[in-house]
Amino acid sequence: MQRIFSGIQPSGVPTLGNYLGAIRNWVALQTDHECLWCVVDLHAITVWQDPAQLRRQTREMAATLIACGIDPARHILFPQSAVPAHARLAWIFNCVARLGWLNRMTQFKDKAGKDREAASAGLYVYPNLMAADIHAYHATRVPVGDDQKQHLELANDIAQKFNHDYEVSYFPVIEPLILGPAARVMSLRDGSRKMSKSDPSDQSRINLNDDADTIALKIRRAKTDPEPLPDDPAALDARPEARNLVGIYAALSGQTAAQVLAIHGGQGFGAFKQALTDLLVGCIEPIGQQAQRLLTDTAALDAILRDGAARARAIAEPIVDEAERLVGFLKV
Ligand code: TYM
């Protein structure tokens, strides 16, 4: 059975983008893989996080993942900071990765913005920590949304250079799993930007704890264009907002864009948005309600995460111990 690792930052409430691009696929992959699901708090602090809010958001993320169908009993759900092996291996990878490789990372450029001098050093080496997350478990498959593809390519480059430099074949090649018709869900306000939990505008996204009225309002206000929906999916290429809504509808209804347009093509957005709202509410409202129930017992939630962390440590520690021996650390 192949081992899967994936992570999500507790930097806000998870969005529909996280759900369709990642979490929903994670749930399906649990049937025939050994899975580690990590709430990556070390990654979150690469940009400022209020401490009390970070703690709350870490629990909220764990509760939402469980509400979505992540199974912490058969698989492993844990906070990244509870397993020191991630940071230990990340340090070694900081010394393997080249500055030239990191300089090419588009996400750093996006997140650092214009004032790059003011970005944290952690934000710059963020992809090295991601590589360490995966390789600390010798995981071979990594389900993510489209935006993480470049980071996973770097994780393979780092592993290859480590293996080459130390003349071993210690870290395996990882296979990115970028699945489904909604691997890149866009903002509801701007079809050229991805939907993000850290976007300042709440109207740009559907949160997994939004209630039915909020979802309806956000979809009603979602940016569109004046044309009716086309009959042919190719005609969506020049219409990013329409393409995004059709993609969301397709993902939620288990159809292709062509099947969605066979029904809704020729219609204005009014009726389509209503049908989309119904689908979204049916999918998301139960998740938010279940997460809320789980959050009423934080002791039980913390116990789940503690147990997950202990099992994660048992896998990662010997792997990272051996990496340190290969590097030449004395390990007294
Ligand atoms: P994060 O927290 O930004 O997102 C978690 C997952 O959701 C996917 N995703 C999306 N998919 C489709 N459309 C969107 N608009 C959208 N927004 C987010 C992301 O691709 C991701 O799969 N660096 C990672 C977390 C991480 C990680 C790892 C992932 C840390 N270590 C190791 C895999 C393996 C991140 O910031 O994800």
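This is a predicted model: local features need pLDDT of at least 70, side-chain atom pairs count only at pLDDT 80 or more; totals for chains, interfaces and linings use all residues.
## Basis of the model

Local features need pLDDT of at least 70 and side-chain atom pairs count only at pLDDT 80 or more, while totals for chains, interfaces and linings use all residues. Residues are numbered from 1 along each chain as its sequence is written, and side-chain values use heavy atoms, with hydrogens and water left out.

## Shell around the ligand

The ligand is surrounded by 26 residues, each with a heavy atom within 4 Å of it, and the closest are Y126, D133, D147, V185 and K197. By class, this shell holds 13 nonpolar, 9 polar and 4 charged residues, where Asp, Glu, Lys and Arg count as charged, Ala, Val, Leu, Ile, Met, Phe, Trp, Tyr, Cys and Pro as nonpolar, and the others, Gly among them, as polar.

## Polar contacts and burial

Among the polar contacts (pairs of N or O atoms within 3.5 Å), a nitrogen atom of the ligand is 2.9 Å from a polar backbone atom of M195, and a polar side-chain atom of N18 lies 3.1 Å from a ligand oxygen atom. Taken alone, the ligand exposes 700 Å², of which the protein buries 97%, with areas from the Shrake-Rupley method and a 1.4 Å probe.

## Aromatic pairs

The count comes to 9 aromatic pairs, defined by ring centres of Phe, Tyr or Trp (its six-membered ring) within 6.5 Å. W26 and W37 form a stacked pair, 4.8 Å centre to centre with 5 degrees between the planes, stacked denoting planes under 30 degrees apart.

Technical notes. A polar contact is a pair of N or O atoms within 3.5 Å; within protein, one must be able to donate a hydrogen and the other to accept it, and residues adjacent in sequence count only if both atoms are side-chain atoms. Rings of Phe, Tyr and Trp (its six-membered ring) pair if their centres lie within 6.5 Å; planes under 30 degrees apart count as stacked, over 60 as edge-to-face and the rest as tilted.
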